[in-house]
Amino acid sequence: MRSAPTLEEESRPLLHCERSVSVGSASSAGSVTLQSESSSSSSTARPSWFSPRMISDAVIGLSDGLTVPFALTAGLSSLGNSKIVVTGGIAELVSGAISMGLGGYLGAKSESDCYKSQLEKERLTLQNARSVSEECVVESLAEYGFAESTLAAILGDLEKNPEEMLNFVMKFGRGMEEPPIGREFISAATIGIAYFLGGFVPLFPYFFVKSVNLGLILSSVIMVVTLFVFGVAKTIFTGSTGKVQVVWGGLQMIITGAIAAASAYAIVRFIDTA
């Protein structure tokens, strides 16, 4: 029977005293686990042109692009001049795309700066208070129910490469992953282009008709279909596959666009006649 730990043993860092407990099988398991996690980390760290984050940015840009310019063109159409609608619509598309793109850039840049700042803090902690980083590793793996010998083996492998331990603490301990290189530029371009393309849809009919009322009717019909399809696609993308949820997702987009367009039309009409 193992004797109770002495005061000296209790004062040692938690993981230093467990390092010698690992056995052959546990070391193998720990090495395999670490290699798997390293492989997974490196694979997820590779930038992807069609990553979920990029699709999310496209959804953000399209969502605003389909509603805001539609409301603007509907409002301007109340003035009865299709040239004003086209001119104002194009001006809004350009300025809106630039504004949305800058917002995406600043958001991604802030995320990258936050990661770098936290990385430096964890690096200093690893250098000056190694036991704190070790405890973070143990706490991160505790929920998986690993045996103490397995934890010791994993920790032993991590301590052979301080950078790997640092990456492990950042990913599993702090829940932060390094953004891909150039992420801020990709985000800005994705949101800006998506906004411009989405906003061009309600403006498109006004290029081919002289009657502003006919342009508004065609634009509204096109937007009802477009908003419904976009709402359905967005609902499916988020994981909801039920027919009622999918249809409701499309109807929500139509209702949102209709409220925005009707409000803009009424306000501009009121101002023009006041």
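Me: How many salt bridges does a search of the whole structure find?
Reply: In this predicted model, a search of the whole structure finds four salt bridges.

Me: What makes Asp113 and Lys109 a salt bridge?
Reply: The closest N and O atoms of Asp113 and Lys109 are 3.3 Å apart, and the cut-off for a side-chain nitrogen of Lys or Arg and a carboxyl oxygen of Asp or Glu is within 4 Å, so the pair counts as a salt bridge. Asp113 and Lys109 are four residues apart in helix α4, and are therefore separated by about one helical turn.

Me: Why are Asp113 and Lys109 called partly exposed?
Reply: Buried means under 20% relative accessible area and exposed means over 50%, with partly exposed in between. Asp113 has 37% relative accessibility and Lys109 has 29%, so both values fall in the partly exposed range.

Me: How do you know that Glu120 forms a salt bridge with Arg123?
Reply: The closest N and O atoms of Glu120 and Arg123 are 3.7 Å apart, and because the limit is 4 Å, the pair meets the criterion. Both residues lie in helix α4, three residues apart, which is about one turn of the helix.

Me: What does the salt bridge between Arg123 and Glu163 tie together?
Reply: For Arg123 and Glu163 the closest N and O atoms are 2.6 Å apart, and the two form a salt bridge. Arg123 lies in helix α4 and Glu163 in helix α7, so the pair ties together parts that are 40 residues apart in sequence.

Me: Which residues of helix α7 are buried?
Reply: In helix α7, residues 162-173, the buried residues are Met165, Leu166, Phe168, Val169, Met170 and Lys171. Helix α7 is followed by Gly175, whose phi is positive, near 70 degrees.

Me: Which elements give two or more residues to the nonpolar patch?
Reply: The patch on the surface includes Ile90, Leu102, Ile193 and Phe208, and its residues together have about 1,000 Å² of accessible area. The elements that give two or more residues to the patch are α4 (82-128) and α8 (183-203), and Leu102 is found in helix α4.

Definitions and conventions. Residues numbered from 1 in each chain as written. Predicted model: local features only at pLDDT ≥ 70, side-chain atom pairs only at ≥ 80, totals over all residues. Heavy atoms only, no water. Patch = residues over 30% accessible without salt bridge, like charges linked within 9 Å, V, L, I, M, F, W, Y side chains within 5 Å. Areas by Shrake-Rupley, 256 points an atom, 1.4 Å probe, with all protein chains shown as cover. Buried < 20%, exposed > 50% of the residue type's maximum accessible area, 1.4 Å probe, protein only.
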